[in-house]
Amino acid sequence: MSLPNHFDLVATDGAARTGRLTTPHGVVRTPVFMPVGTAGAMKGVHWREVRDAGADIVLGNTYHLMLRPGAERIAALGGLQVFTGWQGPMLTDSGGFQVMSLSELRKVSEAAVTFRSHIDGAKIELSPERSIEVQRLLGSDIAMQMDECVRLPAERDDIERAMQLSLRWAERSKRAFETAPPGYMLFGIAQGGDIPELRQASARGLVDIGFHGYAIGGLAVGEPQSVMLAMIEEVAPILPPDRPRYLMGVGTPDDLLEAVARGIDMFDCVMPTRNGRHGVAFTRFGQVNLRNARHADDPRPLDEESPWPSARNCSRAYLHHLVKSGETLGAMLLSEINIAYYQQLMHDIRSAVSEGRFADLREHIRAGWAKGDI
Ligand SMILES: CNc1nc2c(CCNCC3CCCCC3)c3nc(N)[nH]c(=O)c3cc2[nH]1
C-alpha cells in the first residue's frame, strides 16, 4: 500500500535533484545536510547558530534519549521540539545502528536487538515495534525503520542474512507506524553491503512495501568511497524518483558532492562537530588543522570571504591558541564554523542544480579544495 508523498521535486540536473520535503514542523530544502544533535543538543553549538547557519532539520538521538531521560518522559514534556527548544523538523534514527556500535553484550534475534544500557547496565530489548514507539514518543517528523547494518568487509552470508532480516523488520516497522498522525513520515532503509544483487533485492523489497522515503544504509562503515558510490549507483535507479533518498552517516564535503551527483537528497554526519572538537575546520581550501604550529602567528581568519562571521573574524592564531589550550570555546567556534560550511555547501548545491550548472559548481569546488590552504 503506497503512502502519501510529501516530497516535491523542484528541478533535476543530470541525476542530481533539488526539492522540498514538507513535514509537520516545516519545509526541508533538499539536497539537505542534517546536523546531528546528540543527547538532545548539538554538542557545543546553540540551536540559534544551527538555525542561522541555514539548517532546516536536525537529527535527534533515539539511542541516547530512550536510555536517558527516556522516551515516555520526553513525550510527557511535550516531545523533542518542546524539550530541546529546536522548533523545526527533526529526524530520528531507529537506534539499532548505535546499539551495534556503542553498547556491550548486544544480541540480534528475529524479535529484537537486546543489549545492556551503557548508563546503568539495565537489559534493554529494542524491537521494531518498540523503536517506532520510541520515535513516535519523541515526536520526530521522520522516523527510520529498525534495521541491521553490517560493517564492511563482511561475508556474503552475513550480509544476506542482515538484509533479509531488515526487510522483515521493514514490514513490522511500517505496521507499527500505522497509528502515526498525517504528515509524519517513515523511511525504509536499504541494506545489502557491497554486493550489487543484494542491494537491488533490498531496494526492490522496500519499494514493494512502500515508504514515504528511502534511505541507503550499510555504507560509510569502512568501505572505500568508490564502493560507496558504486552501491548508490545500484540502488538509486530502483527507488521511486519522486520520493526522497537519504544516505545515512555520510559524509565529507567530497562525499556529499559525489552522492548528490548520483541522486541523493539527504545526508547526516557527526563530522562537522566531531572534527570541530578535534581542532579541524572545513573550508573552501579543504580541511585546516588548527592544531598545526603554522597558524600560531597567523593574523588572518580562516576565510575572509566566508558568509559565517566566526570564519571571517577569528584569527587563525586565536583559534590555534584556543585549540592548543583546550579551551571549550575553540571546539564551539570550530563546530559552528563547520556546520555553517556544510550548510553553505548545500545551499550552493541547491542553487546550482536549480539553475542547471551543478557540473560547473562541482569542478569549481574541487579545484578550491585541490589548491589547498595557503
Ligand atoms: C557514520 N556511518 C554510518 N552511520 C550510519 C547510520 C547512523 C546514521 N546517523 C544517525 C545519527 C548518529 C549520531 C547520533 C544521532 C543519530 C545508520 N543507521 C541505520 N539505522 N542504518 C544504517 O545502515 C546506518 C549506516 C550508517 N553508516
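Reader: Which residues do ring pairs link into a cluster?

Author: Ring pairs link F33, F282 and Y342 into a cluster. The model is a predicted one, in which local features need pLDDT of at least 70 and side-chain atom pairs count only at pLDDT 80 or more, while totals for chains, interfaces and linings use all residues. Residues are numbered from 1 along each chain as its sequence is written, and side-chain values use heavy atoms, with hydrogens and water left out.

Reader: What makes F33 and Y342 an aromatic pair that is tilted?

Author: Rings of Phe, Tyr and Trp (its six-membered ring) pair if their centres lie within 6.5 Å, and planes under 30 degrees apart count as stacked, over 60 as edge-to-face and the rest as tilted. For F33 and Y342 the values are 4.5 Å centre to centre and 50 degrees between the planes, so the pair is called tilted. F33 lies in strand β4 (residues 32-35) and Y342 in helix α14, so this pair ties together parts that are 309 residues apart in sequence; helices (H or I, at least four residues) and strands (E, at least two) are DSSP runs, numbered from the N terminus.

Reader: Why is the pair of F282 and Y342 called edge-to-face?

Author: The ring centres of F282 and Y342 are 5.2 Å apart and the planes stand at 85 degrees, so the pair is edge-to-face. F282 belongs to strand β15 (residues 280-283) and Y342 to helix α14, 60 residues apart.

Reader: Are F282 and Y342 buried or exposed?

Author: Both F282 and Y342 are buried, a word that stands for under 20% relative accessible area, with exposed over 50% and partly exposed in between (1.4 Å probe, protein chains only).

Reader: What makes a set of residues a nonpolar core, and which residues have the most contacts inside the largest one?

Author: A nonpolar core is a set of buried Ala, Val, Leu, Ile, Met, Phe, Trp, Tyr and Cys residues joined through side-chain atoms within 4.5 Å. The largest has 56 residues, and I232, L247, F267, I349 and F358 have the most contacts inside it. Helix α14 (residues 328-354) supplies the largest share of this core, 7 residues.
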